[in-house]
Amino acid sequence: MENGHAGKHRVAVIGSGNWGSVASRLLASNTAKLPSFHDEVRMWVFEETLPTGEKLSESINQAHENCKYLPGIKLGTNVIADPDLESAVKDADMLVFVTPHQFVEGICKKLVGKLRPGVEAISLIKGMEVKMEGPCMISKLITNTLGINCCVLMGANIANEIAVEKFSEATIGYREDKEAANRWAKLFTTPYFLVAIVEDIEGVELCGTLKNVVAIAAGLVDGLDMGNNTKAAIMRIGLREMRAFSKLLFPSVRDNTFFESCGVADLITTCLGGRNRRVAEAFARNGGKRSFDELEAEMLHGQKLQGVSTAREVYEVLTYHGWQELFPLLSTVHEICIGQLPPTSIVEYSEHTPNLSFVGGSTPCY
């Protein structure tokens with residue numbers, strides 16, 4: 001892998017929301033200490049005008065704080081906000097993607113031909129693109145569009161807790177290139193953020209993607225005041241459907257991956273504390289009368305819900321293959337999200353055990 005002068009790597013972060021800002025802060029604390037990295041971390045900011053009239057990127061660079069998406073937390077003087085995507089990445093040989101998943105394809109298309117040779121990427125993005133030929137994971141979309149190696153980092157990572165350095169774990173998924181995965185692990189690891197590497201990129205990424213759909217179900221249960229036993233049942237069924245769905249799409253997915261931070265731990269924390277759970281609770285308390293779009297705008301102040309769009313994408317895959325009955329929880333969440341079923345139906349379906357031997361394979365993009 002080529003890198004900057006004196007053999008030092010340069011890091012750029014593509015995205016500056018809540019998790020993007022926290023990731024930039026964490027990475028910048030390490031690049032300042034590690035001799036193999038340039039101090040500066042450039043963070044691409046989708047430019048916005050704040051209520052004060054100031055540009056968000058200028059505010060970040062003056063205050064060293066993202067007052068909109070991570071107020072009250074200093075990012076470090078070596079985090080440089082840049083509203084120009086090409087400028088932000090032009091010198092970097094290590095790219096960290098952390099934007100809402102629906103924007104990745106457009107961003108990648110703008111970067112074609114603009115990157116240095118030998119660039120590597122890692123995706124912190126939860127979600128998938130569903131194309132005619134089947135589902136395409138975000139890491140694969142990045143690799144296919146830009147022709148670069150891309151690992152993934154997923155885990156029980158509620159951003160605001162990591163921002164104040166509460167202990168947390170994460171999982172890096174990689175395909176074949178263990179050396180690249182170790183380089184990313186070194187860059188992300190701190191005493192309060194421990195990273196393990198797993199050679200199962202699809203398993204790690206699907207865990208991070210599908211848990212947001214289960215978190216919607218958990219939030220509905222909370223909004224209906226159904227209690228902890230029901231919520232635990234929803235989480236168990238959800239984990240089982242996550243595993244079955246992942247293995248149908250990618251037979252190489254390993255069972256052990258579901259016991260890493262990206263699996264059961266991320267599912268638990270997202271069902272207890274994430275934004276998908278919180279907005280789904282409000283949706284159920286309103287009897288489904290206010291849409292997720294309306295609640296997202298009101299409650300998240302510019303942040304995006306991933307669970308609702310992922311539920312739709314998963315449902316498209318299930319419908320295409322005729323798998324809805326095998327995945328009653330994943331199917332029901334989408335039908336509730338679009339108003340086809342009432343929130344109470346989250347516990348009214350009957351369970352089916354997926355009989356994997358009778359279900360044909362899929363054609364995910366490779």
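**Strand pairing, cysteines and aromatic pairs in a predicted model**

L95 stands opposite A121 of strand β5 in this predicted model, in which local features require pLDDT of at least 70, side-chain atom pairs count only at pLDDT 80 or more, and totals for chains, interfaces and linings use all residues. Residues are numbered from 1 along each chain as its sequence is written, and side-chain values rest on heavy atoms, with hydrogens and water left out. Helices (DSSP runs of H or I, at least four residues) and strands (runs of E, at least two) are numbered from the N terminus.

Strand β5 comprises residues 120–123. Strand β4 (residues 94–97) runs parallel to β5 and is joined to β5 by four bridges; strands are taken to pair if DSSP finds at least two bridges between them. Together with helix α4 (residues 104–111), β4 and β5 make a right-handed β-α-β unit, the hand being right when, with the strands pointing away from the viewer, the path from the first strand over the helix to the second runs clockwise. Strand β5 also pairs with strand β8 (residues 149–154), again in the parallel sense and over four bridges. In this pairing A121 stands opposite C150 of β8. Buried denotes a relative accessible area under 20%, exposed one over 50%, and partly exposed a value in between (1.4 Å probe, protein chains only).

C150 is likewise buried, with a relative accessible area of 3%. The structure holds zero disulfides, a disulfide being a pair of cysteine sulfur atoms within 2.5 Å. For C150, which is in no disulfide, the nearest cysteine sulfur is that of C151, 6.9 Å away. The sulfur of C271 is too far from any other for a bond, because the closest cysteine sulfur, in C207, is 13 Å away. C271 is buried, with a relative accessible area of 0%.

Three aromatic pairs are present in the structure. Rings of Phe, Tyr and Trp (its six-membered ring) pair if their centres lie within 6.5 Å; planes under 30 degrees apart count as stacked, over 60 as edge-to-face and the rest as tilted. One of the three pairs is formed by W184 and F188, which are tilted, with 6.4 Å from centre to centre and 45° between the planes. W184 is buried at a relative accessible area of 0%, and F188 is buried at 1%. F245 and F327 form an edge-to-face pair, 5.8 Å centre to centre with 90° between the planes. This pair links distant parts of the chain, 82 residues apart: F245 belongs to helix α9 (residues 228–249), whereas F327 lies in the loop between α13 (307–321) and α14 (328–337). Both F245 and F327 are buried.

The unreviewed UniProt entry places the feature "domain: Glycerol-3-phosphate dehydrogenase NAD-dependent C-terminal" at residues 200–348; UniProt positions follow the numbering used here, feature names are shortened, and annotations may be inferred rather than shown by experiment. Over residues 200–348 the chain is 69% helix and 0% strand, with the end C-alpha atoms 34 Å apart. V347, found in the segment after α14, is partly exposed, with a relative accessible area of 39%. Leaving aside neighbours within four places in sequence, V347 is in contact (heavy atoms within 4.5 Å) with M226, T230 and I234. V347 and A233 are 114 residues apart in sequence and 9.6 Å apart in space, C-alpha to C-alpha.
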